Amino acid sequence: MTNEALQNLISTWIPELEFTEEKSQFLNITVQPEQLHQLMTQLKSNSETNFDYLFCLSGVDWGAALGVVYHLESTAHRHQLVVKVKTEDRENPTFDSVWTIWRTAEFHEREVFDFFGIQFTNHPNLKRLFLTEDWDGFPLRKDYVDEINMIIK
Amino acid sequence: MGINNTPEIPADFPGKVIPGGNGANILVTSLDEIINWGRANSLWSLYFGTSCCAIEMMQTGAARHDYSRFGFEVARPSPRQADLIIIAGTIVNKMAPVLRRLYDQMAEPKYVIAMGACAISGGPFYYNSYSVVKGADHVIPVDVYVPGCPPRPEALLEGMLMLQAKIKTESMKTKVFPIDGFDEGL
């Protein structure tokens, strides 16, 4: 399916979605956190989209907002899609976990939690992955401060 | 056929060989010199590589550059059998205790080469990094620094030959435990 056809189909599911191309090969969808799980479930289960492969899950700190970017692919239809979700809440950012839809998200979400402090509801084992258990703070956030180890340029 | 009475002596042999006839020769040298000569030419390095410098280190050991020409013949998977550790790559805070333990497990005499910018100073991760140790010499004492990002095999070979030259100047009388007086600079 082409990006245009994907947009025409998916926009009929949830009205508030925002579609952009951002000069990339992918169609980008920005979704509200409340609708994330519903959209993801539908993207996987709908036979026309059938996104059965989550090939990248990244945390992003845009400065004001924190968010997660999901890269999806359908191994049957060979089309790809990017889904973005954002929140302004830096104190307690929370999204729904997608690990029940794509099992690989279990570890990717742990990594995002480790470095960005983003919580995922319904995640089975949300704890530090790379950093030590007693680590204080989330080092990939733009406002992270470490006066001992970091030399700021 | 017959016994060759003309001894074939390596050019860098530290001492004098006096032909004694019947194939038996008399060897005159000092213990320091001959031990250092043996040590310098049979350095066994530890398999240790934490990032891209390790690729260049493998190339230095492979056929074209071949560090076994200089006696770095045998790389050992256990620190207890190694004389030399080449720190080939970035050392992060989580790796630092592991590196220190590996070094402590090596039998003396032991030597360290810091290969590449990361092992020398943290390199490209010097600024704005929460995880990288700014130089492996905060963890263990380093004998030879090889700059580069990564260094070419020729540069690493040069560093290894410099280490050999350093070993040849040592004396049992003045040799100290390298960790004594080691300043982590923290």
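User: Which residue stands opposite A:Lys84 in S5(A)?
Analyst: A:Thr30 does. Bear in mind that this is a predicted model.

User: How do S2(A) and S5(A) pair, parallel or antiparallel?
Analyst: They pair in the parallel sense, over four bridges.

User: And on the S1(A) side of S2(A), parallel or antiparallel?
Analyst: S1(A) and S2(A) are antiparallel, with three bridges. There, A:Thr30 in S2(A) has A:Glu18 opposite.

User: Which way do the residues of S2(A) point?
Analyst: A:Asn28 and A:Thr30 point one way from S2(A), while A:Ile29 and A:Val31 point the other way. All of these are buried.

User: What is the strand order in the whole sheet?
Analyst: The order is S1-S2-S5-S4-S3 in chain A, five strands in an open sheet with mixed pairing. Strand S1 (18–20) and strand S3 (53–61) are the edge strands, each pairing on one side only. From one strand to the next, the twist averages 20°.

User: How many bridges join S4 and S5 of chain A?
Analyst: Eight, in the antiparallel sense, between residues 66–73 and residues 80–87. A:Val68, for example, has A:Val85 in S5(A) as its bridge partner.

User: Which strands does helix H2 of chain A lie across?
Analyst: Helix H2 (residues 36–45) lies across strand S2 (28–31), S4 and S5 of chain A, and runs at about 170° to S5(A). Helix H3 (residues 105–116) of chain A lies across S3 and S4, at about 10° to S3(A).

User: Which residues are buried in helix H1 of chain A?
Analyst: A:Asn3, A:Leu6, A:Leu9 and A:Ile10, in a helix covering residues 3–10. Seen down the axis of H1(A), they fall within an arc of 130°, so they line one face of the helix. On the other side, A:Glu4 and A:Asn8 are exposed.

User: What do the buried ones pack against?
Analyst: The buried residues of H1(A) pack against S1, S2, H2 and S5 of chain A.

User: Switching to chain B. What span should H5(B) have?
Analyst: Helix H5 (residues 153–167) has 15 residues, so at 1.5 Å a residue it should span 21 Å. The end C-alpha atoms are 21 Å apart, which agrees.

User: Which residues of H5(B) are buried?
Analyst: They are B:Pro153, B:Leu156, B:Leu157, B:Gly159, B:Met160, B:Leu163, B:Gln164 and B:Ile167. Because they cover an arc of only 160° around the axis, they are on the same side of H5(B). They pack against helix H1 (31–40), helix H2 (53–61), strand S5 (84–88), strand S6 (111–115) and S7 of chain B.

User: How much area do chain A and chain B bury between them?
Analyst: About 940 Å², with 60% of it on carbon and sulfur atoms. A:Asn149, A:Ile151 and A:Lys153 supply 53% of the area that chain A buries against chain B, more than any other three residues. The contact takes 13 residues from chain A and eight residues from chain B.

User: What does B:Tyr127 touch?
Analyst: Leaving out residues up to four places away in sequence, B:Tyr127 touches A:Ile151, A:Ile152 and A:Lys153. B:Tyr127 lies in the loop between helix H4 (116–121) and strand S7 (144–146) of chain B.

User: Why does B:Tyr127 count as partly exposed?
Analyst: Because its relative accessibility is 36%, and partly exposed lies between the buried limit, under 20%, and the exposed limit, over 50%.

Definitions and conventions. Residues numbered from 1 in each chain as written. Chains lettered and ligands numbered in written order. Predicted model: local features only at pLDDT ≥ 70, side-chain atom pairs only at ≥ 80, totals over all residues. Heavy atoms only, no water. Helix = DSSP H or I, 4+ residues; strand = E, 2+ residues; numbered from the N terminus. Buried < 20%, exposed > 50% of the residue type's maximum accessible area, 1.4 Å probe, protein only. Contact = heavy atoms within 4.5 Å. Pairing = 2+ DSSP bridges. Axes fitted to C-alpha atoms, helices over the stretch in contact; angles between N-to-C directions. Expected span 1.5 Å × (residues − 1). Arc of directions from axis to C-beta. Buried area = accessible area lost by both parts, 1.4 Å probe.
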